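Here are a few friendly exercises to work through with the model in view. Try each task yourself before you read its solution.

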Amino acid sequence: MSDDARMYSYSAVLMGSPILLKLFEHNEPLASRVFSLIKQYEDLLTVNRAHSQVMDINQAAGQQPVSVSRPVYELIKCAKAASLVAGGAFNLAIGPLVKCWKIGFKGDRVPPAGDIAQRLTLTDPQNVVLNDEQTSVFLTLPGMEIDLGAIAKGYIADRVRDYLRQQGVTLGLINLGGNVQTLGSPEGGWSIGLKKPFAPGTALLGTIEVMGQSVVTSGVYERYFEQDGRRYHHILDPRTGYPLDNELDSVTIIARQSLDCDIWSTLIYGMGVEKGCAALRARSDIEAIFVTKQREIILSSANHYRFTLLDDDYRLIARTV
Ligand code: FAD
Ligand code: MG
């Protein structure tokens with residue numbers, strides 16, 4: 001299937017998400033190797049099945065440390081560091097709450113308040129104990145669970161980019177359900193759509209043009225359910241155990257590494273615009289696009305991409321962090 005004369009698109013469904021690979025050559029065998037690679041990482045990292053390396057850790061919670069492969073260990077180490085950033089919303093130990101809300105899965109509903117309070121006691125990232133020599137992870141309390149849903153797609157997108165590069169590909173794009181990583185740059189750059197929150201179909205607020213960068217969005221409009229007239233989305237506030245509630249509909253991060261994008265999209269989602277921009281002052285390599293409920297699109301800065309507004313209902317505000 002081709003989009004234009006030179007671009008070929010390949011799709012699959014993995015990690016419960018639509019996956020899209022774009023290449024500038026017709027190469028089905030390469031596309032299937034890329035999908036197998038993604039599947040291998042899914043098999044290591046998933047918490048949606050009985051077995052994976054992460055599930056081995058979760059099942060041994062309160063009992064003993066579990067040694068895992070070096071890449072899984074390093075990813076967990078990185079997720080723990082992100083979980084300790086002051087003021088951020090990222091928490092790798094959020095698993096017990098994700099499992100009880102079930103947002104995006106069958107049976108989602110608002111859990112009893114007592115359940116949430118009890119599970120909150122199982123989400124302290126300090127209770128994820130790491131051992132570099134043994135590459136082991138120990139969850140000190142029974143019932144604790146790691147969930148890498150806010151970081152794993154970013155990590156995997158980077159691995160796909162590396163693999164394509166290693167295979168001699170100079171131009172390519174991988175989209176892991178909203179987690180985009182690019183390799184090289186076609187003429188004029190890659191154009192990535194910024195989705196309009198809650199709009200039907202493929203309505204876009206604008207386009208983001210990048211060259212060799214990743215673009216990742218955390219939004220409240222992809223996975224949510226409604227109960228008694230209220231909307232509950234999948235990014236949980238580690239302080240309260242309920243979906244994060246602030247001025248934002250989405251945050252998009254642009255950076256070289258998709259891993260950074262995925263971490264920061266969740267971190268900054270919890271900080272909101274002001275604190276988020278303040279945090280980015282120390283990171284000129286990471287840029288954010290905030291979409292607010294007040295229909296503003298706020299660019300923390302725009303040094304490594306170009307944004308084009310397509311929706312007149314929204315006001316564009318460009319800051320310099
Ligand atoms: P992000 O905004 O980056 O992260 C949100 C996700 O992170 C939530 O869905 C939750 O899993 C977790 N989370 C919530 N709050 C926090 C928090 N405060 N801190 C840290 N993490 C938080 N979906 C399916 O429907 N079926 C599947 O079988 C399935 N398998 C998957 C296997 C793997 C390996 C991965 C990585 C994902 C899988 N998913 C599956 C999707 C997954 O459940 C999440 O919905 C998805 O990872 C969210 O990605 P995002 O970039 O949209 O969200
Ligand atoms: Mg994320």
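**Exercise 1.** Find which helices each supply at least two residues of the shell around ligand 1.

*Solution.* Keep in mind that this is a predicted model. Start with the shell: 24 residues surround ligand 1. Among the helices, α6 (152-166) and α7 (258-280) each supply at least two residues of this shell. The closest residues are Ala89, Gly149, Ser218, His234 and Leu236. Sorted by class, the shell has eleven nonpolar, nine polar and four charged residues.

**Exercise 2.** Look for N or O atoms of the protein that lie within 3.5 Å of such atoms in ligand 1.

*Solution.* Begin with the side chains. His234 has a side-chain N or O atom 2.8 Å from an oxygen atom of ligand 1, and a polar side-chain atom of Asp147 is 3.2 Å from an oxygen atom of the ligand. Next, turn to the backbone: a polar backbone atom of Leu236 lies 2.8 Å from a nitrogen atom of ligand 1. Finally, consider the cover: on its own ligand 1 has 940 Å² of accessible area, and the protein covers 90% of that.

**Exercise 3.** Describe how α1 and α6 cross, and which residues meet there.

*Solution.* First, take the axes: those of α1 (residues 28-45) and α6 come within 10 Å and cross at roughly 145°. The crossing is right-handed. Then list partners: residues of α1 including Leu30, Leu37 and Tyr41 meet residues of α6, among them Ala152, Ile156 and Tyr163. By class, this contact has twelve nonpolar, no polar and two charged residues.

Terms used:
Residues are numbered from 1 along each chain as its sequence is written. Chains are lettered from A and ligands numbered from 1 in the order in which they are written. This is a predicted model: local features need pLDDT of at least 70, side-chain atom pairs count only at pLDDT 80 or more; totals for chains, interfaces and linings use all residues. Side-chain values use heavy atoms; hydrogens and water are left out. A residue is near a molecule or strand if one of its heavy atoms lies within 4 Å of it. A polar contact is a pair of N or O atoms within 3.5 Å; within protein, one must be able to donate a hydrogen and the other to accept it, and residues adjacent in sequence count only if both atoms are side-chain atoms. Accessible areas come from the Shrake-Rupley method with a 1.4 Å probe; for residues, only the protein chains shown count as cover. Helices (H or I, at least four residues) and strands (E, at least two) are DSSP runs, numbered from the N terminus. Ala, Val, Leu, Ile, Met, Phe, Trp, Tyr, Cys and Pro count as nonpolar, Asp, Glu, Lys and Arg as charged, and the others, Gly among them, as polar. Axes are lines fitted to C-alpha atoms, for helices over the stretch in contact, and angles run from 0 to 180 degrees between N-to-C directions. A crossing is left-handed if the near helix is turned anticlockwise from the far one by less than a right angle, and right-handed if clockwise. Contact means heavy atoms within 4.5 Å.
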